[in-house]
Amino acid sequence: MKVLARLLPLLLALPLLAQSTPRVSTDPWQALSFLQGTWSASTTTAGSSGGNVIGTYTFRPELGNHILARHTTSIEGCKGPATFDCDHGDLLYVYQDASGQPLKAIYFDNEGHVIHYDVSIPNATTAIFLSEASNPGPQLRLMYELKDAVMRGSFQMRMPGQNDWKSYLEWTGPKK
């Protein structure tokens with residue numbers, strides 16, 4: 001009887017253990033879903049060589065959902081000094097080397113720049129793309145934050161030996 005009294009709570013708990021527990025999403029792209037879509041962008045650059053651009057860009061899954069691609073889709077207006085590149089074009093591909101590995105990204109532009117990033121998602125509406133620190137060049141940080149239905153972005157630099165990030169380019173805009 002004592003044995004039954006000890007086993008009874010365990011037997012009563014077995015149906016609870018058999019219930020399914022909520023599953024954590026194994027989709028690596030779910031955390032970046034807030035980026036997906038076509039966004040307006042009103043862009044300003046820092047410094048004396050600054051220019052202003054109004055355009056759009058699109059984040060969309062590609063290659064059977066194995067990458068998330070950002071494409072600049074149009075440049076509607078561009079104002080800046082003669083040294084400002086109003087014909088700038090770039091691509092950003094977010095990928096995963098293997099299942100379970102952290103997300104990474106690679107950036108290409110029409111000026112020949114290639115930037116490798118580690119991707120972090122500190123909350124449901126923020127993505128940070130961080131390059132490795134390198135000498136003698138700067139470390140680069142690309143950030144997206146969705147706030148009040150407006151995407152805010154920034155491209156920042158930090159020179160070796162410095163702690164502060166300096167914005168080079170910032171943009172804002174709603175989803176189209």
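**Contacts, rings and strands**

Reply: The side chains of T58 and T38 make a polar contact of 2.8 Å. A polar contact is a pair of N or O atoms within 3.5 Å; within protein, one must be able to donate a hydrogen and the other to accept it, and residues adjacent in sequence count only if both atoms are side-chain atoms. This is a predicted model, in which local features need pLDDT of at least 70 and side-chain atom pairs count only at pLDDT 80 or more, while totals for chains, interfaces and linings use all residues. Residues are numbered from 1 along each chain as its sequence is written, and side-chain values use heavy atoms, with hydrogens and water left out.

Me: Is T58 buried or exposed?

Reply: Buried means under 20% relative accessible area, exposed over 50%, and partly exposed in between (1.4 Å probe, protein chains only). T58 is found in strand β2, residues 52-62; helices (H or I, at least four residues) and strands (E, at least two) are DSSP runs, numbered from the N terminus. With a relative accessible area of 8%, T58 is buried.

Me: Which side chain joins that of Q139 in a polar contact of 2.6 Å?

Reply: Q139 lies in strand β8, residues 139-147, and is buried, with a relative accessible area of 10%. Its side chain reaches the backbone oxygen of S131 at 2.8 Å. The polar contact of 2.6 Å joins the side chain of Q139 to that of R158.

Me: How many aromatic pairs does a search of the whole structure find?

Reply: Rings of Phe, Tyr and Trp (its six-membered ring) pair if their centres lie within 6.5 Å; planes under 30 degrees apart count as stacked, over 60 as edge-to-face and the rest as tilted. By this rule, the search of the whole structure finds eight aromatic pairs.

Me: Why does the pair of Y57 and Y144 count as tilted?

Reply: The ring centres of Y57 and Y144 are 6.1 Å apart. Their planes stand at 50 degrees, so the pair is tilted.

Me: How many residues apart in sequence are the parts that Y57 and Y144 tie together?

Reply: Y57 is buried at a relative accessible area of 6%, and Y144 is buried at 1%. Y57 lies in strand β2 and Y144 in strand β8, so the pair ties together parts whose separation in sequence is 87 residues.

Me: What kind of pair do the rings of Y117 and F129 form?

Reply: Y117 is buried, with a relative accessible area of 3%, and F129 is buried at 0%. The ring centres of Y117 and F129 are 6.0 Å apart and the planes are at 75 degrees, so the pair is edge-to-face.

Me: What distance separates the C-alpha atoms of T44 and W171?

Reply: T44 lies in strand β1, residues 37-45, and is partly exposed, with a relative accessible area of 41%. W171 belongs to a cluster linked by ring pairs, with Y57 and F59 among its other members. T44 and W171 are 127 residues apart along the chain, and their C-alpha atoms are separated by 6.4 Å.

Me: Which residue in the turn between β8 and β9 has a positive phi?

Reply: Two strands pair if DSSP finds at least two bridges between them. Nine bridges join β8 to strand β9 (residues 150-158), and the two run antiparallel. They form a hairpin with two residues between them, and the turn residue with a positive phi, about 55 degrees, is D148.
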